[in-house]
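Let's go through this one together, a feature at a time. Ask whatever you like as we go.

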Amino acid sequence: QNKQYTSRQIIHQIEEVAGSLLAIGIHPGDNVSIVSPNVPQAVIMIYALNRIGAVANMIHPLLSVKEIQNFVESTESAAVLVLDVIYDKLASISWTLPRAPKVIVAQLADALPLPLRLLYQAKKGRKVKTNPNHDVLFWREMLTFGKNKPLFQTDCVGNPDSLAVILYSGGTTGIQKGVMLTNYNMTCYAVQAFEASGMDTVGKKCLCVLPLFHGFGLALCVHTMLCAGTCIYLVPTYDFQKCNALIFRKKLNFLCGVPAFFESLSRYSDMDTKNLSFIDCLIAGGDVLSPKLQRRINKQLKAGGSKAEIREAYGQTESVTGCCINPIFHNVIGSVGLPCPDIESKVVAIGTQIEVPAGTDGELCLTGPNLMRGYYKNKEATDKVLQYHDDGKLWLHTGDIFCKDENGYLYFRQRMTRMIVCAGYNIYLSSIEDTLMECDIIKNVCAVGIRDRILGHKVGVYVILNSPMDQQDAQTQIKDFCKQNMADYALPHRILFVEEFPLTKMGKTDFLALEKAINT
């Protein structure tokens, strides 16, 4: 929104807010929840909390009131930062904590340049109606407590093992868990990501449309880029037309996003006719990037004069975010590449710690300095995924099925929870999706399991077509394509056409909802 901050201004505000937090009673080790989209106050708050040794508990602002209350209270948050346009959602909460959290309300207008601020206040601005039972402070009011109270460099300094942030896993299993990440985790990741990018970052520009409550958004698009001297363009809410205009108007060099973002960019931004020479780096993560889309984007980039290629990355919140990526010197389509510096990987037989030979499918395990401390107040779940192996190292069992080739490149097959068994045959649903994505009439596809009393499961697929067409003709073409490209036992039993897929709170395809619908 053209509100600009220099590094010096950001650091000054971080110090000011840190002093204010101490003055209002936030102590080292306290958890503070942040319920906000990508706005400057949220970024400043994250670093201010870290400055005094407190912890940022990042909450998706579109969660239900009950879910937000649960995440605030389960972490015993001392305070909650919320944007004014979201406060109405919190206003109805009656806190059950022994010490009710302070509610700090940041106003969107404060993050806008003067002309836009006046326009916003005239059109949408309104007085926030606060709950009298809440201990409410407005952002500008809070800052007065820290005026002229500079912190010393030694005040409240944490150590590498101190908890820095709590992020929540994507919830594709239906249960979101709080992932505890330390200062060491976040700093190591920033160094790894900087090295893995292979790019000159100082003075460049990065699009930050990925949310701060997501590891990909916070760790890569904010923390790494700030450390690397890159300018961040914060996008509070995703609007494709505005985002597209921003990319080309400001000539943004770094584009990071989920595959759905790049699909829209490739199809609807006139990339075929535009000068793309300013694009230096494209990183896709958070979901599977189809080879079909990857090849199309690379063709558009080359035609537009860019030397970049879109590179697929892989990671989990439990490892901060993407810690495997295709190197800039050898981008292998269909692979998520190699582990970043200081990360080791191995593929083990499912349910064991025994490494399998190259070319064999198994569960991916990762080890390195950015493995989470564990799940917040959930030792049982932590012990399932963090395991010491015979080499004495702590390994993260990702729950994802991979294959590693003889050169160490990793190939995602699917989540272990997305494997079905049909008449004794293991069927990997992501492999069904990869195959169908090569069909010319298909824009997107999601494969699910249909329960069968005799066979165990059959394959069902939800399809989004490239363009409107007769569904009977589409059924025929897809079935003919499947017969030519799939084993008989993996052929789809049902094909359903939809206009869009339901999404999880983290913006991923909600295959559990689709699976439930087809089995109802």
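A: Before angles, a word on axes: they are lines fitted to C-alpha atoms, for helices over the stretch in contact, and angles run from 0 to 180 degrees between N-to-C directions. Helices (H or I, at least four residues) and strands (E, at least two) are DSSP runs, numbered from the N terminus. This is a predicted model, where local features need pLDDT of at least 70, side-chain atom pairs count only at pLDDT 80 or more, and totals for chains, interfaces and linings use all residues. Residues are numbered from 1 along each chain as its sequence is written, and side-chain values use heavy atoms, with hydrogens and water left out.

Q: At what angle do the axes of helix α2 and α8 cross?
A: Angles under 35 degrees count as roughly parallel, over 145 as roughly antiparallel, 65 to 115 as roughly perpendicular and the rest as oblique. Here the axes of α2 (residues 40–51) and α8 come within 13 Å and cross at roughly 70°, so the two helices are roughly perpendicular to each other.

Q: Which residues of α2 and α8 meet?
A: Contact means heavy atoms within 4.5 Å. From α2 come V43, I46 and Y47, and they meet L218, V222, H223 and L226 of α8. Sorted by type, the residues of this contact are six nonpolar, one polar and no charged (Ala, Val, Leu, Ile, Met, Phe, Trp, Tyr, Cys and Pro count as nonpolar, Asp, Glu, Lys and Arg as charged, and the others, Gly among them, as polar).

Q: Is helix α8 mostly covered or exposed?
A: Buried means under 20% relative accessible area, exposed over 50%, partly exposed in between (1.4 Å probe, protein chains only). In α8 (residues 215–227), eleven of the 13 residues are buried, including L218, V222 and H223, so the helix is mostly covered.

Q: How are the rings of F261 and F262 arranged?
A: A pair of aromatic rings is described by the distance of the centres and the angle of the planes. Rings of Phe, Tyr and Trp (its six-membered ring) pair if their centres lie within 6.5 Å; planes under 30 degrees apart count as stacked, over 60 as edge-to-face and the rest as tilted. F261 and F262 have ring centres 5.1 Å apart and planes at 70°, so this pair is edge-to-face.
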